[in-house]
There are 4 protein chains.
Amino acid sequence: MTTQRLEAFSDAVIAIIITIMVLEMKVPEGADWAALAPLLPVFLSYIMSFAYLAIYWNNHHHMLHITERANGAILWANMHLLFWLSMIPFVTGWMGENEFASLPAAVYGGVLLMAAIAYLVLQNAIIKQEGEGSRLKKMVGKDVKGKLSAAAYVVAIPLAFVSQWISIGIYAAVALVWLVPDRRIETNLSAE
Amino acid sequence: MTTQRLEAFSDAVIAIIITIMVLEMKVPEGADWAALAPLLPVFLSYIMSFAYLAIYWNNHHHMLHITERANGAILWANMHLLFWLSMIPFVTGWMGENEFASLPAAVYGGVLLMAAIAYLVLQNAIIKQEGEGSRLKKMVGKDVKGKLSAAAYVVAIPLAFVSQWISIGIYAAVALVWLVPDRRIETNLSAE
Amino acid sequence: MTTQRLEAFSDAVIAIIITIMVLEMKVPEGADWAALAPLLPVFLSYIMSFAYLAIYWNNHHHMLHITERANGAILWANMHLLFWLSMIPFVTGWMGENEFASLPAAVYGGVLLMAAIAYLVLQNAIIKQEGEGSRLKKMVGKDVKGKLSAAAYVVAIPLAFVSQWISIGIYAAVALVWLVPDRRIETNLSAE
Amino acid sequence: MTTQRLEAFSDAVIAIIITIMVLEMKVPEGADWAALAPLLPVFLSYIMSFAYLAIYWNNHHHMLHITERANGAILWANMHLLFWLSMIPFVTGWMGENEFASLPAAVYGGVLLMAAIAYLVLQNAIIKQEGEGSRLKKMVGKDVKGKLSAAAYVVAIPLAFVSQWISIGIYAAVALVWLVPDRRIETNLSAE
C-alpha cells in the first residue's frame, strides 16, 4: 500500500478534529461581556490545542511524505496516533470549562503524552520498515526533540497537582519549541 | 465511472464518522475523578468503535483500490454500507452512556451485523461486475472470515439479553481478528 | 479555474452534511425499547435525507465531472446549491423530532424545492458557459426529470397541511425515481 | 513543501467550518411557526457567514493555486487564518441567538477583522517568498480591496454600540463587494 491515501485519510481526520474542537465553545446565553468572560479559559485552551494539532499535522505530513510504502504495522501505528489526537477536543473542553483545574490539566497532559508516544511508535515503525539507510532515520537522528517533549509531559502531569499553571506553562513551552517547523526534515528536503 | 472519487468520498465519510464519534463523549460538569468515572464505559465503547471503523476503512480501501470501475449497483451498495457505518457513533454513545446495558449492546451488534452484510453485498456487486476471473474474487475466495463475522454477530445479539458481556466479548474478539489487515489482499498486491 | 477543486470541495461538504446529520439523533436517556421508540421517526427521516444527499452527490459528481472549466457564475451557483443542501440536517431533525408534523413536513419540502431549483440553476450556468454543442446539454436534454421533481415538491408543500403523509409519500417517490443513477449521462459516458 | 497538500488541508477545514455552522441552528421544540420564528436571526446570520466562508475559500484557493512552494512562514500564516475562520461558527451562533445584539455584532466584526488581517499577512508571506517579480504581487497590486475591507470592519466594530444595524449593513456590503470573484487574478489567469 502506498502512503498516499493514508496521508489523505490522516489529513482529513486532523482537519476534522481541529475544526470540531470549536464546537466545545458553547454559545453563551447572554449578550454582554459577563456572558463571554467564562469562555476565556476555553478560548485559551482552544488556542493551545489548535497549535498542537497544527504542529502534528505539519510534522506527520512531512514524515508520511518521505515514506513510500506502508505495511500493517505503520497503518495501525498511524490509527493509534489518530486515536489520541481525537481525544484532544474532549480534554480541551474539559480543561477550559473547569478554568484549568488540576485534574483536567493533568489529563490534558496525559493525552499529549500518549500522542507523543504514538508519534514515536509510528516513526519507529516507518524506520524499521525502511531498514538500514532509512531516509527518515537520517533526518530525525535520535529524535532528541521528540523524546524530550514526551519527557516534559511526564514531568508536567504530576506537577499539575502542585500548580496547574506550571503544567500548562510546560505544555505551552513545548508547543512553542515545535512551532518552528522541523528544520531537520525541511533542510534535507531542500538539499535534494 | 472510475472508483477513484467513490473511494475519496467514502474515505471522507469514514474519516468524519470516526472523528465525530468523540463528540458523544460529553465534557463532564466537575473537575474531579468522580466526574470522569461515568465516562469510562463511553471511552471503552469508543475504543471498540474506533477499531471497527479503522478496520472498515482499511479493508474497504483495499477493496475499492483493486476495483477499476463502478456501476450503479456498486455505487448504491457502497452508500448502503456508509449508511450503517454512520449509525455507529449513535449506538456507541447509547451503549456507553448506559454502561453496556443489554438492549443497547444488542442494538450495537445489530448495526455491526447490518454493516457486515452491507460489506458482503458490496463485495458481491464488485465481483459480479468484474465477471469471471474477477481479481477480487480470487483474493477473498469464499470470504469465510467475512461470513463468520456476520454469523458471530447473529449469535451475539440475542446473547446480550443473557449477559451483555458475552456479546461485547464477541464483538471485541471479531475486531481483534480483523485488526490483522487482510493478508489475502495484501499478499496478492505485493506479489505483483 | 478547472472544476477539479470545486468538485473536491463539494464532495467534502456533501460528505460532511450526510455524516453530521446523524448527530441530530440524540442518544436517548433510557436503555429500553421505550427510550428508543421516539427515535423511529427521526431514523426514518434520516434514511430519506441520506438517500437524497447520496442522489445529489452522485448526480452533482457526474455533472461536474464532464464540465471542464468553471467561471464565477458556476462557482456561486454551486455554493448556492451547497447552502440549501446544508439545510437538510436541520429540517430532517425538525421533521423527525416532531413526528412528521405538517409544518416541518412542508418546510422539509421547501428545502428540497430550493435545492432542486439551485441544481437546475447550476446546470443552466454550466450549459450557458459551454455554449452551443454543450456536452451536458446533449445529455440532460430538457431535463424533464429535474423539472418534474421540482414541480412535485411545489404540489407536496401545501398538501402537507391536508395530510403530511401525502407530502412525505411524494418526497419518497421522487427519491426512488432518482435512486436509479442518471442513465442519460451514464450511457453517454459509456459510449465514449 | 509544495502547496498542494496545504491547499487540500485548508479546503477540508473550510468545508468543515461552513458545514458545522449549521449545527448552531438548534432544532426547535415546537412544530409551528412560533417555534421557527426565533431562528430567523440565526438563519440570516448563517447566510452572511456562509457567504463570507465561500468568499474566503474562493480567494484563498486562487491565491494558493498560483503559489508553488510554501515555507514555514506561509504554513503558519495559513494556520493563523484558519484559526480565525474557525471562530466564525461560534460568533455567528452568538450573534444570531441574541438577535443581533450590539456586543455580539461587534465581536462578529472583530473575528472578520482578524481573518482579514490574517489573510493579508498570508498574502505578504507568499509575496515575500516569491521575491521580486512575484506573480501574486502583480495580481493583487496594493490590494486596495483587501485593505479597505479591513478598514470597514475597524469602522463597523465601534458603530455596533451606536446601532448594530449599521455594523451589520457594513459587513453585508463588504461581503457583496467580494461576492464578485477576484477579477484581477481571474483575468491574469485567463490571459495565460
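Student: What does the charged end of C:K145 sit over?
Tutor: The charged end of C:K145 sits over the ring of C:W178, 4.3 Å from the ring centre. A charge sits over a ring if NZ of Lys or CZ of Arg is within 6 Å of the ring centre and within 35 degrees of the ring normal.

Student: And what does D:K145 lie over?
Tutor: D:K145 lies over the face of D:W178, at 4.3 Å from the ring centre.

Student: What should I know about the model itself?
Tutor: This is a predicted model: local features need pLDDT of at least 70, side-chain atom pairs count only at pLDDT 80 or more, and totals for chains, interfaces and linings use all residues. Residues are numbered from 1 along each chain as its sequence is written, chains are lettered from A and ligands numbered from 1 in the order in which they are written, and side-chain values use heavy atoms, leaving out hydrogens and water.

Student: New topic. How many aromatic pairs are there over all chains?
Tutor: A search of the whole structure finds 47. Rings of Phe, Tyr and Trp (its six-membered ring) pair if their centres lie within 6.5 Å; planes under 30 degrees apart are stacked, over 60 edge-to-face, and the rest tilted.
Tutor: Take A:F83 and A:W84. Their ring centres are 5.2 Å apart and their planes at 85°, so the pair is edge-to-face.

Student: Is A:F83 buried or exposed?
Tutor: A:F83 is buried, with a relative accessible area of 7%. Buried means under 20% relative accessible area, exposed over 50%, partly exposed in between (1.4 Å probe, protein chains only). A:W84 is buried too, at 15%.

Student: How are B:F9 and C:W57 arranged?
Tutor: They are stacked, 4.2 Å centre to centre with 25° between the planes. B:F9 lies in helix α1 (residues 4-20) of chain B and C:W57 in helix α3 (residues 40-65) of chain C, so the pair joins two chains. Helices (H or I, at least four residues) and strands (E, at least two) are DSSP runs, numbered from the N terminus. B:F9 is buried at 1% relative accessibility, and C:W57 is buried at 0%.

Student: Which residues form one aromatic cluster?
Tutor: A:F43, A:Y46, A:F50, D:F83 and D:W84 do.

Student: Back to helices. Why is α5 of chain C largely enclosed?
Tutor: In this helix (residues 88-97), 9 of the 10 residues are buried, so the rest of the structure largely encloses it. Among them are C:F90 and C:W94. Just after α5(C), C:E99 takes a positive phi of about 45°.
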